[in-house]
Amino acid sequence: MKRKKILIAGAGIGGLTAAACLLKEGFDVDVFEQARVLKEVGAGVQLPANAMHIMRHVGLEEAVMRAGVRAKGYEFRLHDTGEVIHQFPLFDEHLQRHGAPFVQIHRADLQALLVAKVRELKRDAVHLNKKATGFAEQADSVELRFADGSTARGDVLLGADGVKSAVSKQIIGGFRTEYTGITAWRILVPSEDIPAELRLDQVTSIFIGGGTHAICYYVRGGSLMNFCGEVQVPEASEEAWTRKSSWSALKKDFEGWHPSIQAIIDSASKDQCYRWSLFSRQPARNWSTHRATLLGDAAHPALPFLAQGAGMAMEDAVIFTRSLLKAADVSEALHMYQYNRMTRTAHATERTEANRATFELRTEGEIRGAYAAANEGKDRNGWLYSYNALTVPLEKPPIFSTEDMLARHQGVGS
Ligand SMILES: Cc1cc2nc3c(=O)[nH]c(=O)nc-3n(C[C@H](O)[C@H](O)[C@H](O)COP(=O)(O)OP(=O)(O)OC[C@H]3O[C@@H](n4cnc5c(N)ncnc54)[C@H](O)[C@@H]3O)c2cc1C
């Protein structure tokens, strides 16, 4: 297929990774982001080998490793005593087993590296202050529409515009959204502010108990501790990464937890505590038309209990690019892409739900029982971290007809 012009809505982790992969292969790409400036929002994301293969592919492995932290292992601990009840090694073992490291990084640092890479490949590829509102597709092109009344035209549209995606709303009519009853706290604390004797080791620690959990790990070369603690709250509030809440409420929610958790909370900046409600969304059965498709959270939004939001979006980016290179036409490429991603992302969503059930266990006995029966390391090494989107065979969808696709989506966006 001749190298096409690809429009990408959303300069998040998935949209930028897709832009870098596509530009590397000679596609022309424009990325449209609603934000006026890409400022520092959010906190830590995890990039296991399945994501780091892709960072290496786009020339960012070293930079990501420098900006992030390589964890020694994963530890599951009781929330009050801190006893480690289950663990598995990362660091060299992960690298040797999977051929790429496991890195924890601040989302803003990752986004900054990706933007710089995309601009290195095409100087004016990223357009800010461009909020996508919808699209219209014709037989030979697709038009993306923006809130400011302007439009952009290309051969393919990739909706990488996150959980509240405008492109997804048009393709699948919006997700059925349900409040999970869980609200998440997030703080970032300078590591040196935490008393040395209470600082956690350089591992990903998950403290579990009383029906809730907290995940802690270092980012930014170890200089920042990332804390994300989930609590059960009957009333939903806003689903936003930028919503601040009171430090005293955070402190109260984690009363009686291990001293290291107390020390992290005590060291937090009192006006920098964020809290947002977690909503679940039903996975879509189809996320493509004949010229538009979705990627990352816009296609298969998942709760954060497997820490694979960034990883799945990056994998999508590679399979999308490979499908465009392999297929005979755009319609076939989008079908192939979706076909090769749906099972894996659905499985990730299922495993996320299973983790949620474990993290919501109340008693010590239940938690011990769950981890005695599980081998998290074996499981994740077996199916999750071992996947390499760059080398996994691309399967041809069993039944494919461009006419079927066109008929199914007739009228979309017109
Ligand atoms: C501000 C922010 C902070 C986050 N912080 C964390 C975090 O700390 N830890 C974590 O695990 N995950 C975080 N996430 C989610 C995480 O980035 C994603 O789950 C994961 O990386 C999947 O990436 P994605 O590209 O699908 O979506 P995202 O990375 O969410 O990117 C979506 C992008 O699309 C843009 N966008 C949305 N609507 C439109 C529109 N209509 N037109 C144009 N652009 C649009 C958004 O501004 C965003 O840049 C955050 C997401 C956001 C948006």
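1. In the contact between α9 and α10, residues M312, D316, I319, F320, S323, L324 and K326 of α9 meet A333, M336, Y337, N340, R341, T345 and A348 of α10, where contact requires C-beta atoms, placed from the backbone, to lie within 7 Å. The residues of this contact divide into eight nonpolar, three polar and three charged, with Ala, Val, Leu, Ile, Met, Phe, Trp, Tyr, Cys and Pro counted as nonpolar, Asp, Glu, Lys and Arg as charged, and the others, Gly among them, as polar.

2. Please keep in mind that this is a predicted model, in which local features need pLDDT of at least 70 and side-chain atom pairs count only at pLDDT 80 or more, while totals for chains, interfaces and linings use all residues. Residues are numbered from 1 along each chain as its sequence is written. Helices (H or I, at least four residues) and strands (E, at least two) are DSSP runs, numbered from the N terminus.

3. As to geometry, α9 and α10 (residues 330–359) pack at an angle of about 155 degrees with their axes 8 Å apart, the axes being lines fitted to C-alpha atoms, for helices over the stretch in contact, and the angles running from 0 to 180 degrees between N-to-C directions. That angle makes α9 roughly antiparallel to α10, a label given to angles over 145 degrees, whereas those under 35 count as roughly parallel, 65 to 115 as roughly perpendicular and the rest as oblique.

4. The axes of α1 and α9 come within 8 Å and cross at roughly 30 degrees, which makes α1 roughly parallel to α9. Here I13, G14, T17, A18, C21 and L22 of α1 meet A310, A313, M314, D316, A317, V318, F320 and T321 of α9, and by class this contact has ten nonpolar, three polar and one charged residues.

5. Which residues come nearest the ligand? Of the 32 residues around the ligand, they are G10, G12, G42, G296 and G309, a residue being near if its C-beta atom, placed from the backbone, lies within 6 Å. The elements giving two or more residues to this shell are α1 (13–24), β3 (44–47) and α9 (309–326), and by class the shell has 16 nonpolar, ten polar and six charged residues.

6. Finally, an open sheet of three strands has the order β9-β10-β11 with antiparallel pairing, where pairing requires at least two DSSP bridges between two strands. Its edge strands are β9 (132–137) and β11 (151–154), each pairing on one side only, and the twist averages 20 degrees from one strand to the next. Five bridges join β9 to β10 (residues 142–146), and F135 has L144 in β10 as its bridge partner.

Methods:
Two residues are in contact if their C-beta atoms, placed from the backbone, lie within 7 Å.
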